[in-house]
Amino acid sequence: MHVLSATALARSYDLQCPRHIVWMTDEIERPRVRWEETPAGRVLAELGQEHERQVVARLVPAEQLATPQYPPGDLDAGAAATAELVRARAPFISQGVLKGEVAPGVAVRGLADLLERRDDVYRVIEIKASRRLKTSQVLQAAAYTELLSRLAGVADPVMVDGMYRQYVPPYDAARGILLELVTLSIPRWLRAGSDAFHRTPRCAGCPFDPLCREDARSRLHLSAVPGCTPALATRLAAIGVHDIPGLLTLGQVDLHQVAIDGHLLQRLKGQALACVDGRIVPTGDAAAPPAAPVELFLEVEPDPTARLPCRLGLLKRDRTKGLSAYRSLVMPTDPAEAARKVRSFLELAVHQATKAARDGVAWTFLYYGSGTIEAWADLVTWMGWGDELLEEMLLHATDILAVVRRGWHVPVEGYTLAQVLGATGCAPVPGDTPGFAMHVSWRRNRDEALIRALHEHGEATARALMELWDWVESARAG
């Protein structure tokens with residue numbers, strides 16, 4: 001019998017990884033990093049718990065709320081106590097323990113956020129702090145509903161998101177996906193075994209990721225090559241390429257037979273060489289970076305807990321004067337004040353650009369990764385400024401990440417800013433605490449030291465971008 005927590009079940013759907021399921025169920029002790037123990041995870045978990053308390057307080061009269069009582073950690077006793085509350089027709093049950101088989105050989109257990117009795121049937125109310133609900137989160141509600149149906153009649157589950165909005169997901173469809181997961185996918189992954197894996201950015205949510213990363217390095221696994229997706233690895237395996245040495249020694253092949261573009265294959269080889277040799281390998285495609293006397297470096301600190309980023313930053317460098325200056329906005333909590341300050345900050349960025357244009361000086365926006373410019377574009381749209389300003393920004397914007405990837409293979413596992421800074425010899429951005437975690441702490445205790453820390457972190461990030469851009473220009477010239 002393979003027993004999975006509801007969280008692990010949802011994660012297995014997100015990861016689609018045989019190794020994750022095998023390592024979760026084979027009862028072998030392995031080092032793992034629990035998401036709740038990371039700096040970001042702790043903050044998000046605390047916010048999630050607080051959000052759940054607020055939702056329950058809104059939905060349930062205190063005198064109608066029951067919670068199963070059982071020894072800590074004894075989920076069998078918790079399941080029995082929950083079943084007793086259901087039999088007693090409790091109107092609301094918080095943190096009810098549900099446990100049982102959802103398919104032959106696959107059992108799920110977990111704590112349902114809230115169970116509500118209506119018209120002699122119960123329904124699951126699953127509460128999430130995220131603003132957008134994922135299929136995997138709906139699957140949790142479907143699994144709880146399936147288990148609850150063994151105790152009482154059930155209605156379709158309800159989802160509550162981070163904005164307190166309620167949804168009734170298409171339960172029949174969710175139940176179909178759940179059954180496919182537990183009857184087809186999970187058994188197939190178990191048969192494939194723990195050697196079947198391919199690391200992707202999604203693996204950041206897996207507790208085994210650090211261990212898996214080291215294993216991929218030692219094996220010279222194809223997933224250690226940035227850009228080698230699971231689909232590409234499958235195509236390469238079809239022609240006998242299973243690791244980095246095999247990729248590097250690959251000769252002439254019928255590319256049409258494996259549906260791989262020749263230029264892409266050469267880039268994969270170059271990236272693999274950079275990883276194996278631990279050196280930066282020019283691609284031969286480096287174009288001259290756009291030169292502009294006035295450079296406006298944009299940085300954004302995203303906030304997964306809020307509608308707006310927690311910080312916006314702008315570093316202006318005027319090469320004609322040999323000067324640079326950084327300005328930032330730490331997002332206020334009051335929506336009206338946030339709107340005013342965002343407008344002022346966007347106007348500042350536009351003013352710096354138009355001032356250069358009026359002076360007859362070329363200018364450019366520089367940023368790292370599509371997420372930054374997308375965040376700025378969202379803010380422009382949020383302010384209702386229309387497409388003309390956005391188009392003007394995009395016409396004068398350059399993605400430093402795209403320039404680096406086009407011109408050089410850098411020996412990194414992923415082209416994050418931190419990894420690329422380290423590989424190119426640029427100064428790292430100090431601090432391990434995510435910016436949004438500092439912002440959340442500030443929202444709670446109003447410690448002005450956190451505001452200063454956010455500003456300093458933003459300036460360090462912007463100046464790191466400037467240093468990386470200088471490296472691009474010097475490497476291109478060299």
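**Figure legends: predicted model of the protein**

View 1. The model is predicted: local features need pLDDT of at least 70 and side-chain atom pairs pLDDT 80 or more, while totals for chains, interfaces and linings use all residues. Residues are numbered from 1 along each chain as its sequence is written, and side-chain values use heavy atoms, without hydrogens and water. Of 478 residues, 47% are buried (under 20% relative accessible area; exposed is over 50%, partly exposed in between; 1.4 Å probe, protein chains only).

**View 2. Fold of the protein.** The protein has 18 helices and 14 strands (DSSP runs: H or I of at least four residues for helices, E of at least two for strands, numbered from the N terminus). The C-alpha trace spans about 80 × 60 × 35 Å along its principal axes. Among contacts with a separation of 6 or more, 66% join residues 24 or more positions apart (contact: heavy atoms within 4.5 Å).

**View 3. Cysteine 228 and cysteine 275.** The structure contains zero disulfides (a disulfide is a pair of cysteine sulfur atoms within 2.5 Å). The closest cysteine sulfur to that of cysteine 228 belongs to cysteine 275 and is 11 Å away, too far for a bond. Cysteine 228 is buried, at 6% relative accessibility, whereas cysteine 275 is partly exposed, at 26%.
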